[in-house]
Amino acid sequence: MSLRTTALVAGVIGVLLLVTGLVADAQRPPREVTPDAAVNTAVVVYEPAMLAFAGDNRIGVSGDGPILGLTARPADAEAWLADHTVTYVTEMLDWETLATTSAEPVAPSPSASPSASPSDEPSPSPSASDGADEEEAEPVDIVAETSQDHWRDEFRGTDRLSIKASDVVPGEVLVIVSTEDTPLTATDLTQTRDVQDGWITPLIWWGAFLTLVGVVALVLRFIDFRPAQAKGEEWINKRQRVSDGDEPAPGSRRARREAGEHLPEASLDEEAVVSARSVDSASPASAPSAERGDGSQPGWPDTTVPGLNEMGLDEPGDGDRGEERP
Amino acid sequence: MSRRLLPLAAVAGLSALALAGCVSDVPEPVTSPPDLEASGALLEPQSDRIVAETMAELAAADRARRPGRLNDRVGGDAVTIRGVQYTLAKADDGPAPVTLPAEMQAVYVSAADTWPRTMVTVSEQADEDSTPVVMLWVQEDILTDYQMRNWAHMIPGATLPAMPGPSTGAEQLAMDSDAVSPTPQEVVESYVELLRAGGGSDLDETFAPDSYRERLFTARSTLTDAAKEADGEYVETVQPSIANSFAMATADGGALVFAPLTIDSSFTVEDATVSIDEADQPLLDGELDDTVTHSYLDFIVIHIPGADAEEGSLPGVVAAEHNLIRVSDS
């Protein structure tokens, strides 16, 4: 498999990863969720176990009008709730739904008639106004009509009541009441969950990189670089080629090199020879050059200098390099 | 077209599948609820509110001298007794109603999950000449308020036992509970029997001394002697009201018993007409001849020592109130 084919395959994989990453990013589940449940009673109850489950999260209840949250000992709450239709929030089924159960009063509601005990106080007798029958009945505060001695804490809201579950003392029951006895409509519980989405961003980056590789390979697949390549090779060849029949221009560096100008002149005096021989052991490379006297080294002059010319390399410091270039 | 959509759908499905695995599972529900931090029936703010509302109602009724205004936080014998005090107070130079201090030095609450329940307070001293007042509140059921039913001044020199604090509350004992020995009911009945029999009874040694019965016996002796001098008779009847009695466990394993008593003192003379104190005239029902009966609605608080109490500790009355509520001619 060629490099280009490999890049194309990587590009296809990159597109898949990129699309998957982008789709996953768009569909990324939220960390904050609010499972809820519809209710249709004036009283909603969160018992101690459910409050412990809620922890530091917030409990919300929606309704119409004043909403009162009350806490009490389980035994007291149970006794009070026995006279009311109640929705108990029991558990969280999934990240979107709360489970509830309803309970009907186990005993008839207490009579609202006043005590028949004699009193020496003049009792106010309400005067019946015209059309009084047509008026709607005054809302009854189902909390105030009975004793409130057992309620330990209270939270108030209008149309919606939001309570941090941990604000309720552990072990106590939270009773949420629509004080006007109108049904509450919904309850919810804010939750923060763990979402393992750390792979999405790397997936997008890797997908983008591989896609880019594939795109480059694809672009190269459709562009013909052979003419340009040929031109380049020709230029290189032209620049490097030296034909056999070419005579160097007189006075050029090449001409001088062929003439051996660059070789050092050696003295053929006897003293110099003796001196050279005396140092033979110390500098064996310099002794032979002194014996020839023609400025060339024995067995080496025809290979070294012409070789340099064939490779087109110049001696460093040569001043007339421009004469030899075409 | 479908061929193009297929990969997209596959990718989307793959992503959704991957994301579904990214979300943590729903936490497991809490199956065992946490323990209640304060198991007493009333926390301090609750008891403070009850006391404040009671005292406000009492103060309003005191100002108006109308017992009919004692209809919410004050009930039972307290309304009757307070009504009598209002009647006496309305007379010329009549005594003012007994002062019930609003400041409390101790509050004892019940730990009961059932009803009726009680709350007991011990007030500060109203003045140097009076002792602290022990007040009893009762809640009959969840729908009704705690009502102050009775009160009694502490016996001079008596001390109340240590009681569980409001965080735990005191156990509400039935009158026939065998958590203490003898049972609260037996103690009340024995004490009533002692009151009936007088100071010479063997039962006198089974109870710690208290000034309540001493005064009762002294008055009885005086009236008995007076009746004899007039060829008459003095009869005193004492009846407990077990149904309206309550008991709370103390910290030492004993009990504090709250018991109302009804005492009728009938004084009869031969061939003469009895008379009563001028101060009691407003309470007279009828026209006096040779017989007069004073009816009292008393309230006593008895401490039954627990198993951890000192050796030889005896049950004793620690608070008592002797309330005249009616004077009749028969």
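In which loop of chain B does Pro182(B) lie? Pro182(B) lies in the loop between strand S5 (172-173) and helix H4 (184-197) of chain B, where helices (H or I, at least four residues) and strands (E, at least two) are DSSP runs, numbered from the N terminus. This is a predicted model, in which local features need pLDDT of at least 70, side-chain atom pairs count only at pLDDT 80 or more, and totals for chains, interfaces and linings use all residues. Residues are numbered from 1 along each chain as its sequence is written, while chains are lettered from A and ligands numbered from 1 in the order in which they are written.

Most residues other than glycine have a negative phi, and most peptide bonds are trans.

**Cis peptide bonds**
- The peptide bond that joins Ser181(B) and Pro182(B) is cis, with omega about 0°.
- Trp115(B) and Pro116(B) are likewise joined by a cis peptide bond, with omega about 0°, and Pro116(B) is placed in the loop between strand S1 (104-109) and strand S2 (117-123) of chain B.

- Asp93(B), found in the loop between helix H3 (77-90) and S1 of chain B, has a positive phi near 55° although the residue is not a glycine.
- Asp93(B) is exposed (12 or fewer other C-beta atoms within 10 Å of its own, with C-beta atoms placed from the backbone), as 7 other C-beta atoms lie within 10 Å.
- Asp231(B), in the loop between helix H5 (211-229) and strand S6 (233-240) of chain B, is not a glycine but has a positive phi of about 55°.
- Asp231(B) is exposed, because 11 other C-beta atoms lie within 10 Å.

Conventions. A residue is buried if 20 or more other C-beta atoms lie within 10 Å of its own, exposed if 12 or fewer, and partly exposed in between; C-beta atoms are placed from the backbone.
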